[in-house]
Amino acid sequence: MKVFKIVVTGPYNAGKTTLVKTICSEALTTDRRVSSDELVKPYTTVALDFGLVRIGSHMVRLFGTPGQSRFHFMWRTLSIGMDGYIFMVDSSDPLSLDDALHMYMFFKSMHPNTAHVIAANKYDKENKLSLDAIRHALKVPEAVPIYPTIAYNRDSVVNVLEALINLI
Amino acid sequence: MATAYKNLQMLVESIIVSSKGWVEAVAVVTQDGSPLTYNAEVEFKPDFIAAITATICGACDAATDILNLNPGGYESIDIQLGDKRHIIINRYGDYYVVCLTRPNPNLGFINLVLRAFLSKSLEGV
């Protein structure tokens, strides 16, 4: 059985923790209460999310990163030795794409040859951006696939993970 | 690689035996958060412990960097838990050795044991 280390990353409130919790029967999370007055959500990841999941005949070790840029040192730590990564964005929040672009460039420059896919999360929302708009905003190369994703839907998440594993 | 793995297994067993019961679990984990080997007398989830260990060490590396301390500015990390157990993490070549102690452990003795085993490099490691 081959074991893959896959990192789930992306900006704040993209849905990374939800993805890990959806697909892993047992998941470790490091959510802490948000102290800012501008409350987008009550909790945020401060160290990592972690879970194990079997995909076909493979075992996947999923590492979720914090999304906030002040935790950028964890992005580097958690991506050591990864086989591939899922870059997740909130497709219903155009304002988050600036942060997403910055973070995506960080990962691409740190790991230029690492297989990855883009997960356009919250694609069940009416005000979602098109996949082309997300590709343009993040300057995603044509060779990198973008998948509409619903992080709380197991089938949707499995689909993205399978696609990434096939790229590795 | 097989030799290295066997040596790491022996290392882990030796630490457990030599600690005379003060250390209840030992694991050797990689810097990318994967468990290589472990020995535990208590419930222990090696995959989760490995991921957490790599994260803690990564955060400490970042702290030493940002404080402009020496490169590789820490040798070990000692976390005292609420029930007075300790999680002790030591660097060991490219790996981390993480130990879980009994409550109120004899830390001097445990550190002597760890120093004795971790100061020498193992063949193939």
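User: Where in chain A does Lys139(A) lie?

Analyst: Lys139(A) sits in the loop between α4 and β7 (146–148) of chain A. Helices here are DSSP runs of H or I with at least four residues, strands are runs of E with at least two, and both are numbered from the N terminus. This is a predicted model: local features need pLDDT of at least 70, side-chain atom pairs count only at pLDDT 80 or more, and totals for chains, interfaces and linings use all residues. Residues are numbered from 1 along each chain as its sequence is written, while chains are lettered from A and ligands numbered from 1 in the order in which they are written.

User: Why is Lys122(A) called buried?

Analyst: Lys122(A) has 24 C-beta neighbours inside 10 Å, so Lys122(A) counts as buried. Lys122(A) is in the loop between β6 (115–121) and α4 (131–138) of chain A. Lys122(A) is not a glycine, yet has a positive phi of about 65°.

User: How do you know that chain A agrees with a compact globule?

Analyst: The radius of gyration is taken over C-alpha atoms, and the globule rule is 2.2 Å times the number of residues to the power 0.38. For 168 residues a compact globule would be near 15 Å; chain A has 15 Å, so the two agree. Chain A has five helices and seven strands. Buried residues make up 44% of chain A.

User: What makes chain B as compact as a globular protein of its length?

Analyst: Chain B has three helices and five strands. Its radius of gyration is 14 Å, close to the 14 Å that the rule gives for 125 residues, so chain B is as compact as a globular protein of that length. Buried residues make up 33% of chain B.

User: How many residues does the contact take from chain A and from chain B?

Analyst: Two residues are in contact if their C-beta atoms, placed from the backbone, lie within 7 Å. The contact takes 14 residues from chain A and 13 residues from chain B. On the chain B side, the largest share, eight residues, comes from helix α2 (residues 46–66).

Notes
A residue is buried if 20 or more other C-beta atoms lie within 10 Å of its own, exposed if 12 or fewer, and partly exposed in between; C-beta atoms are placed from the backbone.
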